[in-house]
Amino acid sequence: MYGWLRDIGDFFFPRCCLVCGRVLLHDEDFLCCHCLLNLPRTGYGNVPDNPMEQLFYGKLPVERCNAYFLFTEGGDYRRLIHRIKYNGEKECGAYLGNLFARENAATGFFDSIDYLVPVPLHRRKLRQRGYNQSEWIAQGIADVTGIPLCTDLLECVTDRPSQTRKGIYDRWLSTREAFKANPGIVPADSHVLLVDDVVTTGATLLACGKALGDLGISRISICALSLAK
Ligand SMILES: [Zn+2]
């Protein structure tokens, strides 16, 4: 945006930090400098056996796992994810996806990835929300890495109830049949990077990975914007 246009916009409609609420300065986007600097980055990069990868031990063979930052329930950065997911702040998802990719590109995390595949939303939820936050995050990663986005490989076929209050086993039961992978979209030997917004138990990503496996796609890596601490 033209600088002077933003200045006029900021004067009448001040933009606020999505974490602390402070009014943003001219060259700040979505987060103030302080909150961006203090974002609890995982620093996993391309390190094997990191806590994100451990979630899938014995359940799904994955090549690499990474998450941008950690969150705690009720914490400031949990609020940030909530804003991206439910409050229409989709551009912030792309912005953070972009930062994540920039900060992790040199680690080799994105090397040999053929497609970015965001975790899909069910049609009803997509209609209700108007956007898929994981797709915006993946778009931010695609803008930096140049890896193509593939949104028609995976489909969410079960309109399942909210998982917020369920246990791990219940989550898995309600999630495992929720996704379907469509044949003929990508070659079976492709290396796919699944992109999600928030990871707690990993049940959703596990179900996505199983659906890809059913199609013979075995080279799977996983990343998310945020991982539960
Ligand atoms: Zn802030």
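With 11 C-beta neighbours inside 10 Å, Ser112 counts as exposed, because the cut-off for exposed is 12 or fewer. Ser112 sits in the loop that runs between helix H5 (90–104) and strand S2 (115–118). Its phi is near 70 degrees, which is a positive value in a residue other than glycine. Before I go on, please keep in mind that this is a predicted model.

There's a second residue of that kind, Asp49. Its phi is near 60 degrees, again a positive value in a residue other than glycine. Where is Asp49 found? In the loop between H2 and helix H3 (51–54). And is Asp49 buried or exposed? Asp49 counts as exposed, with 10 C-beta neighbours inside 10 Å.

Now let's step back to the whole chain. The secondary structure comes to nine helices and six strands. If you draw a box along the principal axes, the C-alpha atoms fill roughly 55 × 35 × 30 Å. What about the radius of gyration? A compact globule with 229 residues would have one near 17 Å, and the protein chain has 18 Å, so the two agree. Buried residues make up 38% of the 229 residues. And if you take contacts between residues at least 6 apart in sequence, 74% of them join residues at least 24 apart.

Next, the domains. The chain is divided into domain 1 (1–38) and domain 2 (40–228). Their C-alpha centres lie 28 Å apart. The contact takes five residues from domain 1 and eight residues from domain 2. On the domain 1 side, the touching residues divide into four nonpolar, no polar and one charged.

While we're in that part of the chain, a quick look at Glu28. You'll find Glu28 in the loop between helix H1 (3–12) and helix H2 (33–37). Glu28 has 16 other C-beta atoms within 10 Å, so it is partly exposed. The C-alpha atoms of Glu28 and Asp7 are separated by 12 Å, and those two are 21 residues apart along the chain.

Okay, on to the inside. The largest nonpolar core has 62 residues, and the ones that touch the most other members are Ala67, Val117, Leu194, Val195 and Cys208. Which helix gives the largest share of this core? Helix H9 (residues 203–214), with seven residues. The core also draws at least three residues from each of domain 1 (1–38) and domain 2 (40–228).

So let's look at H9 itself. Nine of its twelve residues are buried, so H9 is largely enclosed by the rest of the structure. Among those buried residues are Leu205, Leu206, Cys208 and Leu212, and Gly209 is on the list too. How long is H9? At 1.5 Å a residue, its twelve residues should span 16 Å, and the end C-alpha atoms are 16 Å apart, so that agrees. Just after H9 comes Gly216, which takes a positive phi of about 90 degrees.

Back to Val117 for a moment. Leaving out residues up to four places away in sequence, Val117 touches Cys150, Leu153, Leu154, Val192, Leu193, Leu194 and Val195. Two of the names there, Leu194 and Val195, also came up among the core residues with the most touching members.

Gln139 lies in helix H7 (residues 133–145). Is Gln139 buried or exposed? With 20 C-beta neighbours inside 10 Å, Gln139 counts as buried, because the cut-off for buried is 20 or more. The C-alpha atoms of Gln139 and Val195 are separated by 9.9 Å, and the two are 56 residues apart along the chain. Setting aside residues up to four places away in sequence, Gln139 touches Ala94, Gly97 and Leu149.

Last stop, Ala224. Ala224 lies in strand S6 (residues 219–228). With 28 C-beta neighbours inside 10 Å, Ala224 counts as buried.

Key. Residues are numbered from 1 along each chain as its sequence is written. This is a predicted model: local features need pLDDT of at least 70, side-chain atom pairs count only at pLDDT 80 or more; totals for chains, interfaces and linings use all residues. A nonpolar core is a set of buried Ala, Val, Leu, Ile, Met, Phe, Trp, Tyr and Cys residues joined through C-beta atoms within 7 Å. Helices (H or I, at least four residues) and strands (E, at least two) are DSSP runs, numbered from the N terminus. Domain bounds come from an automatic or database domain assignment. Two residues are in contact if their C-beta atoms, placed from the backbone, lie within 7 Å. The radius of gyration is taken over C-alpha atoms; the globule rule is 2.2 Å times the number of residues to the power 0.38. Ala, Val, Leu, Ile, Met, Phe, Trp, Tyr, Cys and Pro count as nonpolar, Asp, Glu, Lys and Arg as charged, and the others, Gly among them, as polar. The expected span of a helix is 1.5 Å times one less than its number of residues.
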